[in-house]
Amino acid sequence: MRDLTYPPIIVTAKVAFRALGQRFLMTGTEHVPRSGGVLLAYNHIGYVDFVYGGLAANPSGRLVRFMSKRELFTHRYVGPLMRSLHHIEVDRGAGEASFRAAVEHLRAGEAVGIFPEATISRAMELKEFKTGAVRIAAEAGVPLVPVILWGTQRMMTKDHPRDFSRGKTIAIRVGEPLFPTGADPAAETAELRAVMADLLDATIREYPADEQPPGSWWLPASYGGSAPTLEEAARLDAEEKAERARRKAEKARKGN
């Protein structure tokens, strides 16, 4: 693939990171292979995860093609940028097309990024995973590399105002590759989630204590923070989904 847009975007992003005075804690980036297809599975805690997620593969000289929701590709301004970066459009109503596109990218030797939770976790802990990650990796015959992001939620996430103030630490932890076979997608997905849960635990515990004191809204309740529990987050997600459906129906009614 010809990448005319991606390299300057990376340079611009790194300049922005320096301007924001951000400190990076990078661990395990050597687990991302320097060549060949590889699927990177990320936790999802904020709207800028895909911006920082690519850094996990940067030391290996890889450009990550993220699987992203269709709404980004249909956006007037964001859409052309997403296509120029060769990201992969995901239409939740037609998942087979995005599945095939991801497999084709991987078989062509690309690095692809996926969020197995599908949506942002309000709890800042891992939600239930979809089986797509292990099924795609198995179908393409490529390694599945788990990646944990931490600190990105402090800038831009659900239910909280944006905060791009200086001096935040961003942690990126990459785990050892898994090699799913596709024989039991549910069991292999559970294994991926367990591995990522351990990585997330280590990342939270090693994050600078002065940046996440007890009661911090971006810290999981199970770690002494004030983020919603997984159960509370599930309720909020359901309410959000119902409200979205109501608005869509109302818009359709007015259109008629």
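This is a predicted model: local features need pLDDT of at least 70, side-chain atom pairs count only at pLDDT 80 or more; totals for chains, interfaces and linings use all residues.
Local features need pLDDT of at least 70 and side-chain atom pairs count only at pLDDT 80 or more, while totals for chains, interfaces and linings use all residues. Residues are numbered from 1 along each chain as its sequence is written, and side-chain values use heavy atoms, with hydrogens and water left out.

**View 1. Helix H7 spans residues 185–206.** Helices (H or I, at least four residues) and strands (E, at least two) are DSSP runs, numbered from the N terminus. H7 has 22 residues and reaches 31 Å from its first C-alpha to its last, close to the 32 Å expected; the expected span is 1.5 Å times one less than the number of residues.

View 2. Glu-188, Thr-189, Leu-192, Met-196, Leu-199, Leu-200, Thr-203 and Ile-204 are buried. Buried means under 20% relative accessible area and exposed over 50%, with partly exposed in between (1.4 Å probe, protein chains only).

**View 3. Strands and a helix cover the buried residues of H7.** The cover includes strands E2 (38–42), E6 (144–150) and E7 (169–174), and helix H6 (132–140).

**View 4. Lys-168 is found in the loop between E6 and E7.** Lys-168 is buried, with a relative accessible area of 3%. Leaving aside neighbours within four places in sequence, its contacts (heavy atoms within 4.5 Å) include Gly-21, Arg-154 and Glu-211.
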